[in-house]
Amino acid sequence: MYLNRIEEKMLSGEFGEVTKKAIEIIVKVGEVFGAERLIDIAHAHISGVSYFNIGDEGLELLVDLSQKGAKTRVYTTANPYSFAGLSLYNNEELNRKQIQITEALIKMGVDPNSFTCIPYTLRKPAIGEHLAWAESSAVIYANSVLGAFTNRESGITALMAALIGKTYDSGMHRIENRTASEEINIEFNINSILLASLLGLHIGRLTRGVPYIKAKYSIEKEAMLNLLLKNMLASIASTSSASMAILDGITPPNTYVIDSSIERIHIDEKELYQSIDNMLCKSDVLLLGCPHLTQEEMLMLLRDEYINIFKKHGISKIIVTVGANLNIRSAEISNIINKIRERHKINVEIMPGSCAIVSNLRLLNMTSVYTPHGKAIHYLYNLSGAKPCIIGV
Amino acid sequence: MHNRCIELSNVITIGKGNAFGKTIKLDTLSFLGDVDRESGKIIAQDLKAKGKSLASTILVVKRFRGSTVGVYVLYSLCKKGLAPKAILMVDPDPVVVTGMILCNIIGVAKLPEDVYNTIADDVDTEVGCYNGTAKLCFQ
């Protein structure tokens, strides 16, 4: 791999031990993927923040790096933490270890207002900009909707890339790899989060790389289109390693290639409902916000038309996960929460900076939860211990 | 004694050296969600290898899937001595490759699919990797 003068100095240790280790890892991974050089990145996004996922070994790695003076060289955001970060568990050690992880990340330079899986709402990448993002749902959104260029980095390479401000030039950073692997024609209108999710989970199982998706979306307003896309893409990235989908009419031009000779696949709505029998369960808790909701999206889903659906399902508590930057004490939000509690007897609990699927929900006495989100449907049981029950929203 | 060996040249190898273990062959796997971080056992409902431990195996996977946090799970497993000895994959996956580099796990990042198809599950296997060449011997 060709390295410039600065990169050579980083590799020889002139910028310190941490930088040397960081560039070593990026160069080694880059060599495996045939990269001939490193490229500058504008924004790094780190995954692997929940103590439940990374454990004591991950915690030690992050604390060790921060104590050795590791500092990010570009704008860096991080994924949400587990509910232990909000001290929700009756286990002080657990809560403390989660907080140690976030403190180590902030000390290294991570934006303390991030802790979200939708980092593009904090800094929207430009078309063609190079990023080093982990978090599969954010990666696929950045490449497919925003036209930015990022690989699906591992939690650790995203951090190493942040520490040197660079990543390896291969995969999704090169236009020739952003080529459709098959054309997928959707034979029905995508009109709900659940439908977008089930479709995404299905596409993830059949794509061979970069699906080119031709679909119609039924939407009343722009925020709903974004929710549908976000959920479809996050679901694709749950059941596959796809880091990009080419969305007809949405993916910015000149950021992808479509050859005329690709295989064409048609998806009928019925196919999506073939494997949902074990998800037709009941719960009194609803989970919203996987991926995180923006304030506008949250307020849209807390409107009466949706609350009435939730009531019919016997839901008495709604957990909403959002980014750490959302002001949950604003008058607008407080008024809506109070109104829903008084009028509908439903408690809305907003959890900033956190994520339910990377939290142990069984320890919080939740054995099942309703959710319309495909990513949550895919991961909930194995990661949180709670059974996902689907709800048509 | 080996019954059969395959030599691969011009492949992308990770690390150098030899490893010996039983194969676990899977179409897909995510280290996060499909593998228990404490025991190293496969917990995914939809995988036929559910309940098997990855410790000291030769893990053969066509395509890894899902979370980018998988690297930490692999890192945790190797710190506990529960990681596979070698990993062979058809589609190279940056999440898994990073974990292999951190943990000094050897393997092949772009195993030809016809070779993948000839590898059997649960067979004693020796893997040798050296600078773009790999040798797989099965008992």
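Predicted model: local features only at pLDDT ≥ 70, side-chain atom pairs only at ≥ 80, totals over all residues.
1. Helix 7 of chain A has 14 residues and spans 20 Å from first to last C-alpha, close to the 20 Å expected at 1.5 Å a residue; the expected span is 1.5 Å times one less than the number of residues. Helices here are DSSP runs of H or I with at least four residues, and strands are runs of E with at least two, numbered from the N terminus.

2. Is this helix mostly covered or mostly open? Helix 7 of chain A is mostly covered, with twelve of its 14 residues buried. Among them are I193(A), L199(A) and G204(A). Buried means 20 or more other C-beta atoms within 10 Å of a residue's own, with C-beta atoms placed from the backbone.

3. Now look at its neighbour. Helix 7 (residues 193-206) and helix 13 (residues 374-384) of chain A pack at about 65 degrees, their axes 7 Å apart. Axes are lines fitted to C-alpha atoms over the stretch in contact, and angles run from 0 to 180 degrees between N-to-C directions. On helix 7 of chain A, S197(A), L198(A), G200(A) and L201(A) meet G374(A), I377(A) and H378(A) of helix 13. Contact means C-beta atoms, placed from the backbone, within 7 Å. These residues divide into three nonpolar, four polar and no charged. Ala, Val, Leu, Ile, Met, Phe, Trp, Tyr, Cys and Pro count as nonpolar, Asp, Glu, Lys and Arg as charged, and the others, Gly among them, as polar.

4. Chain A is assigned domain 1 (5-173), domain 2 (178-272) and domain 3 (277-390), with bounds from an automatic or database assignment. The centres of domains 1 and 3 of chain A, taken over C-alpha atoms, are 28 Å apart. Their contact takes 20 residues from domain 1 and 17 residues from domain 3.

5. On to chain B: 30 of its residues are in contact with 29 residues of chain A. Helix 3 of chain B gives the largest share of chain B's side, six residues. That side has 17 nonpolar, six polar and seven charged residues.

6. Chain B also has an open sheet of eight strands, ordered 1-8-7-3-4-5-6-2, with mixed pairing. Strand 1 (4-8) and strand 2 (13-14) of chain B each have a single partner strand, so one side of each lacks a neighbour in the sheet. Strands pair if DSSP finds at least two bridges between them. Strand 2 of chain B pairs antiparallel with strand 6 (residues 106-108) of chain B over two bridges, and T13(B) has V108(B) as its bridge partner.

7. A reading tip: residues are numbered from 1 along each chain as its sequence is written, while chains are lettered from A and ligands numbered from 1 in the order written. Local features need pLDDT of at least 70 and side-chain atom pairs count only at pLDDT 80 or more, while totals for chains, interfaces and linings use all residues.

Key. Contact = placed C-beta atoms within 7 Å.
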